[in-house]
Amino acid sequence: MTVKKPPSGKKSSTSNRGASKNNPRGAQQKVYVKTRKKRSVSSARWLERQLNDPYVAAAKAEGYRSRAAFKLIQMNEDLGLLKAGYKVVDLGAAPGGWTQIAVDIVQPDKTGGKVVGIDYLDMPEVPGAEFICLDFMDDAAPEILKKSIGGKAHVVMSDMAPPTVGHKQTDHLRIMALAEAAYEFAREVLLPGGVFLSKVFMGGAEKDLLNSLKRDFTKVKHVKPHASRADSSEMYVVALGFRG
Ligand SMILES: C[S@@+](CC[C@H](N)C(=O)[O-])C[C@H]1O[C@@H](n2cnc3c(N)ncnc32)[C@H](O)[C@@H]1O
């Protein structure tokens, strides 16, 4: 599979206004859930959102396992994170959208590069990648990953997110704990010049992580790809040029 750009939809002035080749978002006719009465409010809301999400449709059309694939495509296009021949660690890999994109770009079969994913949720194999079904917070995980990648890595990327509990502060702290653990791991395995990318939620506890990243990398920035839902406080921190 090669990395495909999401379709921009029909070129009609009303059906897809604002959409671009990498941003299939646009004004579309809203789909409503007919079985709303039989569902809980949150389930109906979720379904309605899925049905009206152009990235869900685009992911399905392009054979990507998640709409999250477009987040990585967009960040990679803007910042040039992945290259053929790279060794890439994908933390929180399931269902495999980011792994698919990484394999497409790294081309492990041709280049000797490697893509290794880990998640405590199982997922079907992505040809060309290795997958470890394990909690990244398990004490054994870092060593298993290092062995699998076979030396140092060019990129450590984390899209890990714990199930939300609905309490904003708790959710924020839990995701930041994962981002910090991902960063500690990245410090151990990255090659000089390497890239660290992690999902974060905006909020206070992020300052410490940011300061450490600024110390260890030449460039640190926050990005919110178009494919990241506007109503979510999700962002990504991207750190380039690991000082080693
Ligand atoms: C947003 S999804 C990742 C989507 C993925 N990037 C893709 O493109 O398909 C977040 C993932 O993080 C995983 N996750 C959360 N905590 C984890 C942990 N401690 N260890 C491993 N995976 C974890 C979840 O199981 C979930 O599959």
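Helices (H or I, at least four residues) and strands (E, at least two) are DSSP runs, numbered from the N terminus. By that count, the protein has eight helices and seven strands. This is a predicted model: local features need pLDDT of at least 70, side-chain atom pairs count only at pLDDT 80 or more, and totals for chains, interfaces and linings use all residues. Residue numbers start from 1 along each chain as its sequence is written.

**Confidence**
- pLDDT is the predictor's confidence in each residue, from 0 to 100.
- Its mean over the protein is 86, and 78% of the residues reach 70 or more.
- Over residues 6-18, pLDDT stays under 50.
- For that stretch the model has 30 contacts beyond four places in sequence; two residues are in contact if their C-beta atoms, placed from the backbone, lie within 7 Å.

**Ligand shell**
- The ligand has 23 residues around it, and S66, G92, G97, F136 and D159 come nearest. A residue is near a molecule if its C-beta atom, placed from the backbone, lies within 6 Å of it.
- Helix 3 (68-79), helix 4 (97-106) and strand 2 (114-119) each give the shell at least two residues.
- The shell divides into 15 nonpolar, four polar and four charged residues. Here Ala, Val, Leu, Ile, Met, Phe, Trp, Tyr, Cys and Pro count as nonpolar, Asp, Glu, Lys and Arg as charged, and the others, Gly among them, as polar.

**Core and packing**
- Of the 244 residues, 36% count as buried. Buried means that 20 or more other C-beta atoms lie within 10 Å of a residue's own; 12 or fewer is exposed, and in between is partly exposed.
- The largest nonpolar core has 57 residues. Such a core is a set of buried Ala, Val, Leu, Ile, Met, Phe, Trp, Tyr and Cys residues joined through C-beta atoms within 7 Å.
- A69, V88, A102, V155, V156 and F196 have the most contacts inside this core.
- Domain 1 (27-62) and domain 2 (68-242) each supply at least three of the core's residues; the bounds come from an automatic or database domain assignment.
- Leaving aside neighbours within four places in sequence, V156 is in contact with V89, A182, F185, A186, V189, L190 and F196.
- Among contacts between residues at least 6 apart in sequence, 61% join residues at least 24 apart.

**Backbone exceptions**
- Most residues other than glycine have a negative phi, and most peptide bonds are trans.
- The peptide bond from A94 to P95 is cis, with omega near 5°. P95 is in the loop between strand 1 (87-91) and helix 4.
- Q107 is not a glycine, yet has a positive phi of about 50°. Q107 lies in the loop between helix 4 and helix 5 (108-111).
- Q107 is partly exposed because 18 other C-beta atoms lie within 10 Å.
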